[in-house]
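Please look over the sequence and the structure below before reading on. The paragraphs after them go through the structure part by part.

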Amino acid sequence: MSDHGIEIVPRLAYIAANDQPETPRIMRRPAKFLAALAAFAIVAGPMLAEARPGGGGSSGSRGSRTYSAPAPTQTAPGGAQRFDRTATQPGSPATAAPRPGALPGAAPQRGFFGSFGGALLAGGLIGGLLGYGLFGGGAGFGAFLGMLLQIALIGVVVMLVMRFFRRRQQPAVAGGPQPHAFQGQPGAKQFGAAGGLKGAAPAAPPVTLTPADYQAFERTLVEMNAAWSKRDLAALRAVATPEMVSYFAQDLQDLDARGWRNETRDVRLEQGDLSEAWHEDGEDYATVAMRFSLLDATFDTATNKVVEGSTTERQTATELWTFVRKAPGGRWMLSAIQQTQMA
C-alpha cells in the first residue's frame, strides 16, 4: 500500500508539472494559421477601397460651410457625408493652403497604425482583462489573433455590403452623355443658401451661375480624371486647390506603396444639379451633385493585371463636388469631393 502511495505521488507531481506546457504546444500551429489568415485579411482589405480620384471618401474644404451639410438635390437626395480629410478648422472663415506633408486641422489619416493599431491595443487590453496579460503567451496570442481575424472579416463584410447598396442606388446608364447634363438650369439663375435646411450655414450673398459654369464643372470632372490617370500633379494643380492636390498626391503614394496604379477612362457626366452657391471673402463657391459613369481599373504595376475594377464594364458614382473661384471671372477650381448619403 505504501509502495503504491509512493509511486502515485511522483506520478501526480509529474502530470501537474507537465500539464501546462502542453497547451502552448497545442496552440502553436493554430496560432500560426490564424496569424497567416489575419495578415492576409489585413493586406487584402485595402483592395476593397475605392482607388479612383478621391479614394471613395470625402475630402477638401467648402469655406465657411465645410462643417455644414450641403442641400440635398434630385441627383443626391440623401445629401453628403462629412469630411474625412479637411484642412479647415471648425469656425475658420476660409480654406488655407496646407503645408507640404502637414495639413493643419486635418482629420487623422486612416492607416495601418490608425485602425489596425487601435484593434491591436484593444485586443491586448481585452486579453489583459481576461487574465492573459497584454498578449497572454502562446494560448492568449492565438486567441488574440483569432479575434483580429474576426475583426478583419467583419470589416470586409461591412465594406462589401456598403458597396452593394451604394451600387444598387445608382441607376443603370443608358445611351451616351447628354450635351448639358445638369438639370433644371436652362439659363442664369440666382442661388443662395438653402433656407430651412437643418445645419445650413447662415445666408450668404447669392451667386449667379450660367450654362458656361456648368460646362466648366463637367470639363473639370473629365480633366481631373485624365490627370489622375497620368499621375500628373502639374495637371491636377491646374484644376484643383492645393489642399485637394495634396490629398491626390498622398493617395497616389499609397497606391505606389501597394504596387498598384489606378486609371479612369471615358468619364461621362450622366446627371447633375446644383446644391448651393454662395460668395464669401472675395471668392465664389458652388457645390454640385454629379452622377457620372466611367471605366475604373486598378492594375498591379509589376504584372499589369487588373486587381480591382474593370477595363470593359462601366461603373457609376454619385458625388458632391465643390468648386471655388476668385470672383469675378476666375477659373473654377475643385476644392472638395464628398460621397453621398443613402436617402
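What follows covers confidence, the core, the strands and helix around it, charged pairs and some backbone angles.

The average pLDDT of the protein is 73, and 55% of the residues score at least 70. Residues 12–16 are one stretch where pLDDT stays under 50, and there the model has 0 contacts beyond four places in sequence. Residues 184–202 also stay under 50, but for this stretch the model has 41 contacts beyond four places in sequence. Where pLDDT is low, the predicted coordinates should not be read in detail.

In soluble globular proteins, nonpolar side chains tend to be buried together. Here the largest nonpolar core has 36 residues, and L209, M224, F248, M290, W321, F323 and L334 are those with the most contacts inside it. At least two core residues come from each of β3 (207–209), α4 (211–230), α6 (242–258), β4 (260–280), β5 (283–300), β7 (315–326) and β8 (333–339). Helix α4 gives the largest share, 7 residues.

F323 is one of the residues with the most contacts inside the core. Which residues does F323 contact, leaving aside its neighbours within four places in sequence? They are F217, T220, D284, Y285, A286, V288, M290, W332, M333, L334 and S335. Among these, M290 and L334 are also listed with F323 for the most contacts inside the core.

Strand β7 is mostly covered, with 10 of its 12 residues buried. On one side of the pairing, β5 and β7 run antiparallel and are joined by 12 bridges. Within this pair, F323 in β7 stands opposite A286. β7 also pairs with β8, again antiparallel, through 6 bridges. β7 and β8 make a hairpin with 6 residues between them, and in the turn G329 has a positive phi of about 80°.

Helix α6 is another contributor to the core. The helix has 17 residues and reaches 25 Å from its first C-alpha to its last, close to the 24 Å expected at 1.5 Å a residue. Which residues of α6 are buried? They are E243, M244, V245, Y247, F248, A249, D251, L252 and L255. F248 is also among the residues with the most contacts inside the core. The buried residues of α6 pack against β1 (59–60), α4, α5 (233–237), β4 and β8. After the helix comes G259, which has a positive phi near 75°.

Side chains of opposite charge can pair when their charged atoms come close. The structure holds 13 salt bridges. One of them joins R331 to E223, with the closest N and O atoms 2.9 Å apart. R331 lies in the loop between β7 and β8 and E223 in helix α4, so this pair ties together parts that are 108 residues apart in sequence. Both partners are partly exposed: R331 has a relative accessible area of 46%, and E223 has one of 32%.

A second salt bridge links D256 with R231, and its closest N and O atoms are 2.6 Å apart. Because D256 lies in helix α6 and R231 in the loop between α4 and α5, the pair ties together parts that are 25 residues apart in sequence. D256 is partly exposed at a relative accessible area of 41%, and R231 counts as partly exposed at 32%.

E263 and R261 form a further salt bridge, the closest N and O atoms being 3.0 Å apart. E263 counts as buried at 17% relative accessibility, whereas R261 is partly exposed at 22%; the cut-off for buried is under 20%. Elsewhere, salt bridges that share partners join R62, R65 and E276 into one network.

The last topic is the backbone. Most residues other than glycine have a negative phi, and most peptide bonds are trans. D266, which is not a glycine, has a positive phi near 50°. D266 is found in strand β4 and counts as partly exposed at 40% relative accessibility. N304 is not a glycine either, and its phi is positive at about 60°. N304 sits in the loop between β5 and β6 (306–309), and at 45% relative accessibility N304 counts as partly exposed.

Notes. Residues numbered from 1 in each chain as written. Heavy atoms only, no water. Core = buried A, V, L, I, M, F, W, Y, C linked by side-chain atoms within 4.5 Å. Buried < 20%, exposed > 50% of the residue type's maximum accessible area, 1.4 Å probe, protein only. Helix = DSSP H or I, 4+ residues; strand = E, 2+ residues; numbered from the N terminus. Contact = heavy atoms within 4.5 Å. Pairing = 2+ DSSP bridges. Expected span 1.5 Å × (residues − 1). Salt bridge = Lys/Arg side-chain N within 4 Å of Asp/Glu carboxyl O. pLDDT = per-residue confidence, 0-100.
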